[in-house]
2 protein chains.
Amino acid sequence: MPLKPLHCVRGPINLDRFHDLCDRLHQKEYKLTPQRKIILQALLLDEDGHLSAEDLYGIVKQQHPEIGLATVYRTLELLADMDILQKMDFGDGRLRYELTGDEAHHHHHLICTQCGKVYEFEDDLLDSLEQAIQKRKNFKIVDHQLKFFGICHHCQNQETRD
Amino acid sequence: MPLKPLHCVRGPINLDRFHDLCDRLHQKEYKLTPQRKIILQALLLDEDGHLSAEDLYGIVKQQHPEIGLATVYRTLELLADMDILQKMDFGDGRLRYELTGDEAHHHHHLICTQCGKVYEFEDDLLDSLEQAIQKRKNFKIVDHQLKFFGICHHCQNQETRD
DNA sequence: ATCTGTGCAAATAGTTTGCAAAGAA
DNA sequence: TTCTTTGCAAACTATTTGCACAGAT
């Protein structure tokens, strides 16, 4: 019974993935509320990823105007605890959330300091570095974050003069 | 006249470096107030680096009890603008500040998720990765941050069972 | 029917800002 | 003396929390 037909959805979403995430909530005995469903949909719909709580609140409120910002925060926290989402901090004072993807290979973030847009870059180069650190520093690495700050292609073109 | 003898300093500090930083303030026409001097001293004294504003406030208040937290923030902001300090965000909800060092090679941060301590790791591996990104993504990189999260040596030893 | 989840409003924590007074040049 | 800098308190921003009610199971 978890998979009711999706209404009010503006684009195509991956129904299998949605179904799967709903099941994971079920398995943990979490209730499948309309707020949670709509937040999951919004996350699946989002192309760029990297949504902040406020971003999501704005999106989700269109279809569920009575939803509270606190609910969005609580749901994101819940999904992050379940490893459905990753919290990301790009240093702009708000946390952003990204659906946990393929564990196979990492991606890093390119953050444009001019327009704030976040790009991704696939790479596995860090694995060997991690192993070196584990040995040399005796530090058991659980996670890493690599961020590059700079000027994106688009903003470079707009730079005529300073 | 910038270099008055340092009193109330608990440890040895690099006087040349202190003198140099004072000069840089002068050159930018910034006033050399006792608050600024004492904050610079505290930064030079600190071994671990990675002090937060509140950390510094605590240290500095011992010698200058009337100092305001806002002054600490404003001074740190000023020093960061002058590239004397680097702002660092380790995801614990407060910014930390580190004296800008040798530009020659980078160091990365190992952040213990158990005790919060921050270790450093020297490495230049990222240069080739940066160049690859510049070309492939046409993204002009200005800065990067690489953080590893995990369990430090000390906390691993304390882990008897879960 | 039960107990989790929600909306609201108030609380928090780190940081920033307005303003009048202090003080470096 | 002049104009920057300071201390205080209030403002801000993102996020969290308490509580009574709504609602999923």
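This is a predicted model: local features need pLDDT of at least 70, side-chain atom pairs count only at pLDDT 80 or more; totals for chains, interfaces and linings use all residues.

User: Which residue forms a salt bridge with A:Lys87?

Analyst: The cut-off to meet is 4 Å between the nitrogen and the carboxyl oxygen. For A:Lys87 and its partner, the closest N and O atoms are 3.0 Å apart. A:Lys87 sits in strand β2 (residues 85–89) of chain A, while the partner is in helix α4 (residues 69–81) of chain A, ten residues apart. That partner is A:Glu77.

User: How many salt bridges does the rule find across the interface of chain A and chain B?

Analyst: Over all chains, the structure holds eight salt bridges. Across the interface of chain A and chain B, though, the count is zero.

User: What area is buried between chain A and chain B?

Analyst: Start with the contacts: 35 residues of chain A touch 35 residues of chain B. Carbon and sulfur atoms give 67% of the buried area. On the chain A side, A:Phe121, A:Phe139 and A:Phe148 lose the most area to chain B, together 21% of what that side buries. The area buried between the two chains is about 3,100 Å².

User: Is α2(B) roughly parallel or roughly perpendicular to α3(B)?

Analyst: Helix α2 (residues 34–45) of chain B and helix α3 (residues 53–61) of chain B have axes 10 Å apart and pack at an angle of about 110°. Angles of 65 to 115 degrees count as roughly perpendicular. So α2(B) is, relative to α3(B), roughly perpendicular.

User: How many nonpolar residues are in the contact of α2(B) with α3(B)?

Analyst: From α2(B) come B:Ile38, B:Ile39, B:Ala42 and B:Leu43, and from α3(B) come B:Leu56, B:Ile59 and B:Val60. No polar and no charged residues take part. The nonpolar count is seven.

User: What is the angle at which helix α1 and helix α2 of chain A pack?

Analyst: Helix α1 (residues 15–27) of chain A and helix α2 (residues 34–45) of chain A have their axes 11 Å apart. The crossing of the two is right-handed. They pack at an angle of about 140°.

User: How many charged residues are in the contact of α1(A) with α2(A)?

Analyst: α1(A) brings A:Arg17, A:Phe18, A:Leu21, A:Cys22 and A:Leu25, and α2(A) brings A:Lys37, A:Leu40, A:Gln41 and A:Leu44. Six of these residues are nonpolar and one is polar. The charged residues number two.

Definitions and conventions: Residues are numbered from 1 along each chain as its sequence is written. Chains are lettered from A and ligands numbered from 1 in the order in which they are written. Side-chain values use heavy atoms; hydrogens and water are left out. Axes are lines fitted to C-alpha atoms, for helices over the stretch in contact, and angles run from 0 to 180 degrees between N-to-C directions. Helices (H or I, at least four residues) and strands (E, at least two) are DSSP runs, numbered from the N terminus. Angles under 35 degrees count as roughly parallel, over 145 as roughly antiparallel, 65 to 115 as roughly perpendicular and the rest as oblique. Contact means heavy atoms within 4.5 Å. Ala, Val, Leu, Ile, Met, Phe, Trp, Tyr, Cys and Pro count as nonpolar, Asp, Glu, Lys and Arg as charged, and the others, Gly among them, as polar. Buried area is the accessible area (1.4 Å probe) that two parts lose on being put together, summed over both. A salt bridge is a side-chain nitrogen of Lys or Arg within 4 Å of a carboxyl oxygen of Asp or Glu. A crossing is left-handed if the near helix is turned anticlockwise from the far one by less than a right angle, and right-handed if clockwise.
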